[in-house]
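Here is a quick tour of one chain, written for someone who likes to know the cut-offs. Have a look at the model first, then read on.

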Amino acid sequence: MSRRTTTAPTSGRRRATFAAGLATAAAAALVLTGCSAGSNSGGSSAGGDVTGTITLQTWALTPKFTGYLKGVIAAFEKKHPGTTVKLVDQPGDGYSDKVLSQASSNTLPDVVNLPPDIALPLAKRGILEDVSKADSSLRSTYTAGSVDAYDYKETKGGVYGYPWYLNTDVDFWNKSMLDQCGLDSSKPPATTQQLFAQAKTMHEHCPNDYLMSRKPTLSDFTLAGVKVLNSDGTKFTFATKKAASLIDQYATAYQNGYMPSSVLNSDYLGNSTLFTQGKVAWTTGGASSLSDFETNNPSLKNDVVVSPALDTPPLYVQGLSVSQKSKHLATANAFAQFMTNAANQKAFAKLVNIFPSTKSSQSDPFFSKDDGTENGKARVLANTALKTAKNLTPVEANDSMTTFLDQQIALAMKGQTTSMKALQTAQTKMNTLLANG
(Lines give C-alpha, C1' and ligand atoms only; values in the text may rest on other atoms or scores of the structure.)
Protein backbone atom coordinates (compact mmCIF):
# COMPACT_ATOMS: atom_id res chain seq x y z
CA MET A 1 0.00 0.00 0.00
CA SER A 2 2.99 2.27 0.21
CA ARG A 3 2.93 3.05 -3.51
CA ARG A 4 6.63 2.67 -4.06
CA THR A 5 8.96 0.48 -6.07
CA THR A 6 11.42 -2.06 -4.75
CA THR A 7 14.28 -0.30 -6.47
CA ALA A 8 15.79 3.03 -5.54
CA PRO A 9 13.84 5.59 -7.53
CA THR A 10 14.66 9.23 -7.85
CA SER A 11 12.47 11.55 -5.82
CA GLY A 12 10.08 12.22 -8.68
CA ARG A 13 9.60 8.54 -9.42
CA ARG A 14 9.22 7.82 -5.69
CA ARG A 15 6.19 10.10 -5.56
CA ALA A 16 4.68 8.46 -8.63
CA THR A 17 5.30 4.90 -7.48
CA PHE A 18 3.80 5.71 -4.09
CA ALA A 19 0.57 6.03 -6.03
CA ALA A 20 0.93 3.51 -8.82
CA GLY A 21 2.06 0.60 -6.66
CA LEU A 22 -1.07 0.57 -4.53
CA ALA A 23 -2.96 -1.62 -6.96
CA THR A 24 -0.54 -4.49 -6.35
CA ALA A 25 -0.73 -4.42 -2.55
CA ALA A 26 -2.04 -7.52 -0.87
CA ALA A 27 -5.34 -7.07 0.94
CA ALA A 28 -8.19 -9.15 2.29
CA ALA A 29 -11.81 -8.72 1.26
CA LEU A 30 -12.69 -5.10 1.90
CA VAL A 31 -16.13 -4.43 3.38
CA LEU A 32 -16.55 -1.02 4.96
CA THR A 33 -18.75 -0.66 8.00
CA GLY A 34 -19.35 2.21 10.36
CA CYS A 35 -17.17 4.81 8.67
CA SER A 36 -19.51 7.76 8.61
CA ALA A 37 -18.26 9.27 11.87
CA GLY A 38 -15.49 11.79 12.40
CA SER A 39 -15.05 15.45 13.19
CA ASN A 40 -14.69 16.31 9.52
CA SER A 41 -17.71 14.40 8.31
CA GLY A 42 -18.39 16.13 5.05
CA GLY A 43 -21.16 18.42 6.17
CA SER A 44 -19.64 21.76 5.14
CA SER A 45 -19.36 22.95 1.57
CA ALA A 46 -18.36 25.84 -0.60
CA GLY A 47 -21.98 26.98 -0.70
CA GLY A 48 -25.07 25.45 -2.25
CA ASP A 49 -27.01 22.28 -1.69
CA VAL A 50 -25.27 18.93 -1.28
CA THR A 51 -27.19 17.10 -3.97
CA GLY A 52 -26.83 15.77 -7.51
CA THR A 53 -24.47 13.38 -9.24
CA ILE A 54 -20.68 13.64 -9.09
CA THR A 55 -17.81 11.43 -10.24
CA LEU A 56 -14.89 10.25 -8.09
CA GLN A 57 -11.73 9.28 -9.97
CA THR A 58 -9.18 7.11 -8.18
CA TRP A 59 -5.75 5.91 -9.24
CA ALA A 60 -5.15 2.16 -9.52
CA LEU A 61 -7.37 1.25 -6.54
CA THR A 62 -9.71 -1.26 -8.14
CA PRO A 63 -10.46 -4.12 -8.01
CA LYS A 64 -8.43 -4.59 -4.80
CA PHE A 65 -10.21 -1.80 -2.94
CA THR A 66 -13.54 -1.61 -4.72
CA GLY A 67 -15.35 -2.80 -1.59
CA TYR A 68 -13.89 -0.04 0.54
CA LEU A 69 -14.56 2.69 -2.01
CA LYS A 70 -18.14 1.63 -2.60
CA GLY A 71 -18.68 1.41 1.15
CA VAL A 72 -17.62 5.03 1.64
CA ILE A 73 -19.77 6.11 -1.31
CA ALA A 74 -22.82 4.31 0.08
CA ALA A 75 -22.33 5.91 3.50
CA PHE A 76 -22.08 9.38 1.93
CA GLU A 77 -25.17 8.86 -0.22
CA LYS A 78 -27.10 7.73 2.87
CA LYS A 79 -25.95 10.78 4.80
CA HIS A 80 -26.93 13.08 1.92
CA PRO A 81 -30.13 11.84 0.22
CA GLY A 82 -30.35 12.97 -3.37
CA THR A 83 -26.65 12.49 -4.06
CA THR A 84 -25.03 9.94 -6.32
CA VAL A 85 -21.29 9.29 -6.57
CA LYS A 86 -20.00 7.45 -9.62
CA LEU A 87 -16.65 5.67 -9.25
CA VAL A 88 -14.07 5.71 -12.05
CA ASP A 89 -10.64 4.15 -11.55
CA GLN A 90 -7.70 4.81 -13.86
CA PRO A 91 -4.74 2.43 -14.32
CA GLY A 92 -1.42 3.28 -12.74
CA ASP A 93 0.58 3.81 -15.93
CA GLY A 94 0.16 7.15 -17.65
CA TYR A 95 -2.06 8.62 -14.96
CA SER A 96 -0.51 12.08 -15.06
CA ASP A 97 -0.97 12.31 -18.82
CA LYS A 98 -4.56 11.11 -18.47
CA VAL A 99 -5.36 13.80 -15.90
CA LEU A 100 -3.78 16.56 -17.99
CA SER A 101 -5.75 15.38 -21.02
CA GLN A 102 -8.98 15.44 -19.00
CA ALA A 103 -8.22 18.94 -17.78
CA SER A 104 -7.50 20.17 -21.32
CA SER A 105 -10.73 18.70 -22.67
CA ASN A 106 -12.88 19.92 -19.73
CA THR A 107 -13.67 16.34 -18.72
CA LEU A 108 -11.90 16.29 -15.36
CA PRO A 109 -14.08 14.41 -12.83
CA ASP A 110 -15.55 16.27 -9.87
CA VAL A 111 -13.27 14.68 -7.24
CA VAL A 112 -9.86 13.39 -8.35
CA ASN A 113 -7.16 11.40 -6.57
CA LEU A 114 -4.05 13.56 -7.12
CA PRO A 115 -0.66 13.66 -5.44
CA PRO A 116 0.70 17.21 -5.00
CA ASP A 117 2.99 17.15 -8.05
CA ILE A 118 0.18 16.22 -10.44
CA ALA A 119 -2.22 18.68 -8.83
CA LEU A 120 0.21 21.60 -9.16
CA PRO A 121 -0.16 22.33 -12.91
CA LEU A 122 -3.95 22.14 -12.59
CA ALA A 123 -3.95 24.51 -9.62
CA LYS A 124 -1.75 26.97 -11.54
CA ARG A 125 -4.25 26.94 -14.40
CA GLY A 126 -7.21 27.62 -12.12
CA ILE A 127 -8.75 24.20 -12.72
CA LEU A 128 -8.84 23.06 -9.09
CA GLU A 129 -10.91 24.45 -6.25
CA ASP A 130 -9.25 26.08 -3.26
CA VAL A 131 -10.65 23.63 -0.72
CA SER A 132 -9.69 25.82 2.23
CA LYS A 133 -12.68 27.98 1.25
CA ALA A 134 -14.97 25.01 1.86
CA ASP A 135 -13.41 23.88 5.11
CA SER A 136 -12.25 26.38 7.70
CA SER A 137 -11.02 23.53 9.91
CA LEU A 138 -8.64 22.16 7.27
CA ARG A 139 -5.42 22.94 9.11
CA SER A 140 -6.72 21.85 12.48
CA THR A 141 -7.95 18.54 11.03
CA TYR A 142 -4.98 17.39 8.94
CA THR A 143 -1.26 17.26 9.69
CA ALA A 144 0.62 20.42 8.81
CA GLY A 145 2.94 18.80 6.29
CA SER A 146 0.11 17.15 4.38
CA VAL A 147 -1.82 20.42 4.03
CA ASP A 148 1.31 22.35 3.09
CA ALA A 149 1.91 19.85 0.29
CA TYR A 150 -1.12 21.33 -1.54
CA ASP A 151 -0.38 24.97 -0.64
CA TYR A 152 1.76 26.02 -3.58
CA LYS A 153 4.16 28.93 -3.83
CA GLU A 154 3.01 29.66 -7.36
CA THR A 155 -0.66 30.08 -6.42
CA LYS A 156 0.12 32.48 -3.54
CA GLY A 157 -2.46 31.14 -1.13
CA GLY A 158 -5.08 28.45 -1.12
CA VAL A 159 -5.00 24.69 -0.64
CA TYR A 160 -5.76 22.52 -3.67
CA GLY A 161 -6.35 19.10 -2.20
CA TYR A 162 -7.65 17.34 0.89
CA PRO A 163 -4.83 15.15 2.26
CA TRP A 164 -6.02 11.57 2.00
CA TYR A 165 -3.26 9.28 3.21
CA LEU A 166 0.46 9.43 3.90
CA ASN A 167 3.63 7.43 4.02
CA THR A 168 7.24 7.97 4.92
CA ASP A 169 10.49 6.02 5.07
CA VAL A 170 12.26 4.24 7.88
CA ASP A 171 15.73 2.68 7.70
CA PHE A 172 16.44 -1.05 7.64
CA TRP A 173 19.84 -2.52 8.54
CA ASN A 174 21.31 -6.00 8.14
CA LYS A 175 22.24 -6.87 11.71
CA SER A 176 24.77 -9.60 10.91
CA MET A 177 26.62 -7.53 8.32
CA LEU A 178 26.96 -4.56 10.69
CA ASP A 179 28.14 -6.65 13.65
CA GLN A 180 30.61 -8.66 11.55
CA CYS A 181 32.13 -5.59 9.90
CA GLY A 182 33.21 -3.45 12.83
CA LEU A 183 29.88 -1.74 13.49
CA ASP A 184 27.27 -1.93 16.24
CA SER A 185 23.82 -2.91 14.97
CA SER A 186 22.28 -1.39 18.11
CA LYS A 187 23.65 2.01 17.07
CA PRO A 188 23.07 2.39 13.30
CA PRO A 189 23.67 5.77 11.64
CA ALA A 190 21.18 8.49 12.48
CA THR A 191 22.50 11.12 10.04
CA THR A 192 23.94 11.16 6.55
CA GLN A 193 27.36 12.07 7.89
CA GLN A 194 27.30 9.13 10.29
CA LEU A 195 26.38 6.95 7.33
CA PHE A 196 29.52 8.00 5.46
CA ALA A 197 31.67 7.36 8.53
CA GLN A 198 30.23 3.90 9.13
CA ALA A 199 30.46 3.02 5.43
CA LYS A 200 34.19 3.67 5.68
CA THR A 201 34.46 1.48 8.77
CA MET A 202 32.57 -1.36 7.09
CA HIS A 203 34.84 -1.19 4.05
CA GLU A 204 37.94 -1.33 6.23
CA HIS A 205 36.70 -4.46 8.02
CA CYS A 206 34.87 -6.12 5.11
CA PRO A 207 36.19 -4.84 1.74
CA ASN A 208 33.63 -6.86 -0.21
CA ASP A 209 30.59 -5.69 1.75
CA TYR A 210 28.76 -2.38 1.46
CA LEU A 211 26.68 -0.14 3.64
CA MET A 212 25.76 2.49 1.03
CA SER A 213 24.29 1.87 -2.42
CA ARG A 214 22.73 5.04 -3.81
CA LYS A 215 23.44 8.38 -5.44
CA PRO A 216 22.30 11.67 -3.89
CA THR A 217 19.06 13.29 -5.09
CA LEU A 218 17.32 16.62 -4.67
CA SER A 219 16.04 15.45 -1.31
CA ASP A 220 19.63 14.98 -0.12
CA PHE A 221 20.39 18.58 -1.10
CA THR A 222 17.43 19.70 1.00
CA LEU A 223 18.65 17.65 3.95
CA ALA A 224 22.08 19.25 3.58
CA GLY A 225 20.55 22.71 3.90
CA VAL A 226 20.65 23.63 0.22
CA LYS A 227 17.87 25.93 -1.01
CA VAL A 228 16.67 23.87 -3.93
CA LEU A 229 13.99 26.26 -5.27
CA ASN A 230 13.49 30.02 -5.01
CA SER A 231 10.75 31.50 -2.85
CA ASP A 232 8.17 31.88 -5.62
CA GLY A 233 8.76 28.47 -7.18
CA THR A 234 9.98 29.78 -10.52
CA LYS A 235 13.66 28.73 -10.52
CA PHE A 236 15.82 25.93 -9.18
CA THR A 237 18.74 27.22 -7.16
CA PHE A 238 20.63 24.10 -6.06
CA ALA A 239 23.86 24.68 -8.04
CA THR A 240 25.79 25.75 -4.95
CA LYS A 241 29.11 24.92 -3.30
CA LYS A 242 27.28 23.05 -0.55
CA ALA A 243 25.50 20.78 -3.04
CA ALA A 244 28.71 20.26 -5.00
CA SER A 245 30.51 19.33 -1.77
CA LEU A 246 27.86 16.70 -1.05
CA ILE A 247 28.23 15.16 -4.51
CA ASP A 248 32.01 15.16 -4.02
CA GLN A 249 31.53 13.26 -0.78
CA TYR A 250 29.41 10.64 -2.55
CA ALA A 251 31.91 10.50 -5.41
CA THR A 252 34.78 9.89 -2.99
CA ALA A 253 32.83 7.15 -1.24
CA TYR A 254 32.07 5.53 -4.59
CA GLN A 255 35.64 5.77 -5.85
CA ASN A 256 36.99 4.39 -2.57
CA GLY A 257 34.82 1.31 -2.93
CA TYR A 258 32.27 2.08 -0.22
CA MET A 259 29.46 1.35 -2.69
CA PRO A 260 28.89 -1.38 -5.30
CA SER A 261 30.17 -0.38 -8.73
CA SER A 262 26.70 -1.10 -10.17
CA VAL A 263 25.25 1.99 -8.43
CA LEU A 264 26.06 4.10 -11.49
CA ASN A 265 25.09 1.51 -14.11
CA SER A 266 21.93 1.59 -16.19
CA ASP A 267 21.05 -1.89 -14.91
CA TYR A 268 21.32 -0.88 -11.25
CA LEU A 269 18.78 -2.91 -9.30
CA GLY A 270 18.25 -0.42 -6.49
CA ASN A 271 19.27 -0.46 -2.85
CA SER A 272 16.09 -2.24 -1.74
CA THR A 273 16.73 -5.18 -4.08
CA LEU A 274 20.41 -5.35 -3.14
CA PHE A 275 19.43 -5.30 0.53
CA THR A 276 16.96 -8.13 -0.01
CA GLN A 277 19.71 -10.12 -1.74
CA GLY A 278 22.03 -9.57 1.24
CA LYS A 279 24.52 -7.61 -0.87
CA VAL A 280 24.24 -4.30 1.03
CA ALA A 281 23.53 -3.61 4.69
CA TRP A 282 21.16 -0.63 4.44
CA THR A 283 18.02 0.42 2.65
CA THR A 284 15.06 2.67 3.17
CA GLY A 285 11.45 1.64 2.81
CA GLY A 286 7.92 1.99 4.07
CA ALA A 287 6.87 0.62 7.45
CA SER A 288 5.65 -2.63 5.87
CA SER A 289 8.80 -3.30 3.84
CA LEU A 290 10.28 -5.71 6.36
CA SER A 291 7.66 -8.33 5.59
CA ASP A 292 8.57 -8.10 1.90
CA PHE A 293 12.28 -8.45 2.66
CA GLU A 294 11.71 -11.56 4.76
CA THR A 295 9.32 -13.10 2.24
CA ASN A 296 11.77 -12.63 -0.62
CA ASN A 297 14.76 -13.71 1.46
CA PRO A 298 13.82 -15.83 4.52
CA SER A 299 17.41 -15.67 5.82
CA LEU A 300 16.74 -12.03 6.77
CA LYS A 301 14.13 -13.07 9.33
CA ASN A 302 15.21 -11.86 12.79
CA ASP A 303 18.32 -10.35 11.20
CA VAL A 304 17.01 -6.86 10.36
CA VAL A 305 16.91 -3.87 12.69
CA VAL A 306 14.87 -0.77 12.03
CA SER A 307 15.58 2.87 12.86
CA PRO A 308 14.18 6.31 11.96
CA ALA A 309 15.02 7.82 8.57
CA LEU A 310 18.30 9.70 8.44
CA ASP A 311 18.12 13.39 9.32
CA THR A 312 14.55 14.50 8.43
CA PRO A 313 11.96 11.90 7.35
CA PRO A 314 10.44 12.34 3.87
CA LEU A 315 6.71 12.84 3.38
CA TYR A 316 4.72 11.11 0.65
CA VAL A 317 1.17 12.38 0.20
CA GLN A 318 -1.93 11.35 -1.70
CA GLY A 319 -4.98 13.60 -1.75
CA LEU A 320 -8.37 14.32 -3.22
CA SER A 321 -8.73 17.48 -5.29
CA VAL A 322 -11.97 19.08 -6.44
CA SER A 323 -12.57 20.36 -9.95
CA GLN A 324 -13.52 24.03 -9.95
CA LYS A 325 -15.76 23.30 -12.93
CA SER A 326 -17.89 20.73 -11.10
CA LYS A 327 -21.60 21.27 -11.72
CA HIS A 328 -22.20 20.26 -8.11
CA LEU A 329 -19.30 21.95 -6.36
CA ALA A 330 -20.86 21.79 -2.90
CA THR A 331 -21.40 18.06 -3.26
CA ALA A 332 -17.87 17.49 -4.57
CA ASN A 333 -16.36 19.40 -1.65
CA ALA A 334 -18.55 17.61 0.86
CA PHE A 335 -17.63 14.20 -0.52
CA ALA A 336 -13.90 14.93 -0.56
CA GLN A 337 -14.15 16.01 3.08
CA PHE A 338 -16.16 12.93 3.95
CA MET A 339 -13.80 10.47 2.31
CA THR A 340 -10.81 12.00 4.07
CA ASN A 341 -12.34 12.26 7.53
CA ALA A 342 -10.60 10.56 10.43
CA ALA A 343 -12.85 7.50 10.61
CA ASN A 344 -12.67 6.73 6.90
CA GLN A 345 -8.92 7.27 6.78
CA LYS A 346 -8.28 5.05 9.78
CA ALA A 347 -10.44 2.29 8.30
CA PHE A 348 -8.47 2.45 5.05
CA ALA A 349 -5.08 2.54 6.78
CA LYS A 350 -5.92 -0.48 8.92
CA LEU A 351 -6.74 -2.50 5.81
CA VAL A 352 -3.53 -1.62 4.01
CA ASN A 353 -0.10 -0.23 4.81
CA ILE A 354 -0.45 3.53 4.79
CA PHE A 355 -1.10 6.20 7.44
CA PRO A 356 -3.96 8.69 7.91
CA SER A 357 -3.32 12.40 7.39
CA THR A 358 -5.78 13.35 10.14
CA LYS A 359 -4.15 14.54 13.37
CA SER A 360 -6.57 12.68 15.60
CA SER A 361 -5.61 9.35 14.01
CA GLN A 362 -1.97 9.47 15.02
CA SER A 363 -2.72 8.51 18.62
CA ASP A 364 -4.71 5.45 17.62
CA PRO A 365 -3.02 2.40 19.23
CA PHE A 366 -2.88 0.60 15.88
CA PHE A 367 -0.36 3.17 14.66
CA SER A 368 1.20 4.33 17.93
CA LYS A 369 1.65 1.15 20.03
CA ASP A 370 4.73 -1.05 19.59
CA ASP A 371 3.79 -4.74 19.71
CA GLY A 372 7.38 -5.81 20.40
CA THR A 373 8.17 -6.93 16.85
CA GLU A 374 10.40 -5.18 14.32
CA ASN A 375 7.34 -4.80 12.09
CA GLY A 376 5.48 -3.11 14.93
CA LYS A 377 8.48 -0.93 15.69
CA ALA A 378 8.67 0.14 12.04
CA ARG A 379 5.00 1.11 12.03
CA VAL A 380 5.36 3.17 15.22
CA LEU A 381 8.55 4.84 13.97
CA ALA A 382 6.83 5.79 10.72
CA ASN A 383 3.74 7.09 12.51
CA THR A 384 5.92 9.19 14.82
CA ALA A 385 8.01 10.44 11.91
CA LEU A 386 4.94 11.71 10.09
CA LYS A 387 4.48 14.38 12.75
CA THR A 388 7.67 16.09 11.50
CA ALA A 389 8.07 14.61 8.01
CA LYS A 390 8.56 17.04 5.16
CA ASN A 391 8.29 16.99 1.40
CA LEU A 392 12.03 17.06 0.70
CA THR A 393 11.69 17.32 -3.07
CA PRO A 394 9.78 20.28 -4.53
CA VAL A 395 6.64 19.25 -6.39
CA GLU A 396 7.89 21.40 -9.26
CA ALA A 397 10.57 18.78 -9.96
CA ASN A 398 8.97 16.28 -12.34
CA ASP A 399 10.37 12.96 -13.55
CA SER A 400 12.08 14.43 -16.60
CA MET A 401 13.91 16.92 -14.41
CA THR A 402 15.03 14.49 -11.74
CA THR A 403 16.11 11.92 -14.32
CA PHE A 404 18.35 14.48 -16.00
CA LEU A 405 19.79 15.52 -12.63
CA ASP A 406 20.41 11.87 -11.78
CA GLN A 407 22.36 11.43 -15.02
CA GLN A 408 24.52 14.46 -14.33
CA ILE A 409 25.26 13.32 -10.79
CA ALA A 410 26.33 9.92 -12.15
CA LEU A 411 28.78 11.63 -14.52
CA ALA A 412 30.25 13.60 -11.63
CA MET A 413 30.61 10.52 -9.44
CA LYS A 414 32.41 8.74 -12.30
CA GLY A 415 34.80 11.68 -12.56
CA GLN A 416 33.67 12.56 -16.09
CA THR A 417 32.70 16.10 -15.06
CA THR A 418 33.01 18.25 -11.96
CA SER A 419 30.23 18.29 -9.39
CA MET A 420 29.63 22.01 -9.91
CA LYS A 421 29.49 21.62 -13.69
CA ALA A 422 27.01 18.75 -13.31
CA LEU A 423 24.83 20.85 -11.03
CA GLN A 424 24.94 23.87 -13.32
CA THR A 425 24.05 21.78 -16.37
CA ALA A 426 21.17 20.13 -14.54
CA GLN A 427 19.91 23.40 -13.08
CA THR A 428 19.89 25.11 -16.49
CA LYS A 429 18.00 22.21 -18.07
CA MET A 430 15.52 21.95 -15.22
CA ASN A 431 14.83 25.69 -15.22
CA THR A 432 14.11 25.52 -18.94
CA LEU A 433 11.67 22.67 -18.38
CA LEU A 434 10.11 24.54 -15.46
CA ALA A 435 9.63 27.70 -17.50
CA ASN A 436 8.00 25.76 -20.31
CA GLY A 437 5.88 23.57 -18.06
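This is a predicted model: local features need pLDDT of at least 70, side-chain atom pairs count only at pLDDT 80 or more; totals for chains, interfaces and linings use all residues.

Which residue in β3 does Q57 stand opposite? Q57 faces V112.

## Ground rules

Residues are numbered from 1 along each chain as its sequence is written, and side-chain values use heavy atoms, with hydrogens and water left out.

## The chain overall

The chain comes to 18 helices and nine strands. Both are DSSP runs numbered from the N terminus: helices are H or I with at least four residues, strands are E with at least two. Of the 437 residues, 56% are buried. Buried here is under 20% relative accessible area, exposed is over 50%, and partly exposed is in between (1.4 Å probe, protein chains only).

Take the contacts (heavy atoms within 4.5 Å) between residues at least 6 apart in sequence: 74% of them join residues at least 24 apart.

## The sheet

Six strands make an open, mixed sheet, in the order β2-β1-β3-β8-β4-β9. The edges are β2 (83–90) and β9 (355–356); each has a single partner strand, so one side of each is left without a neighbour in the sheet. Two strands count as paired if DSSP finds at least two bridges between them.

Going through some of the pairs, β1 (residues 52–59) and β3 (residues 111–114) run parallel, joined by two bridges. β3 then pairs with β8 in the antiparallel sense over four bridges, where V112 stands opposite S321. On to β4 (residues 162–167), which is antiparallel to β8 with five bridges; here N167 sits opposite Y316.

## Strand β8

Seven of the seven residues of β8 (residues 316–322) are buried, so the strand is largely enclosed by the rest of the structure. In a regular strand the side chains alternate between the two faces of the sheet. In β8, Y316, Q318, L320 and V322 point one way, while V317, G319 and S321 point the other.

Helix α3 (residues 95–104) lies across β1, β2 and β3, at about 150° to β1. That angle is between N-to-C directions, on a scale from 0 to 180 degrees, with axes as lines fitted to C-alpha atoms, for helices over the stretch in contact. Its buried residues are Y95, V99, Q102 and A103. Seen down the axis of α3, they fall within an arc of 100° (taken from the directions from the helix axis to the C-beta atoms), so they line one face of the helix. They pack against β1, β2, β3 and α4 (116–124), whereas D97 and S104, on the other side of α3, are exposed. Just after α3, N106 has a positive phi of about 60°.

Seven of the nine residues of α4 are buried, so this helix is largely enclosed by the rest of the structure. Among the buried ones are P116, I118 and L122. G126 follows α4, with a positive phi near 75°.
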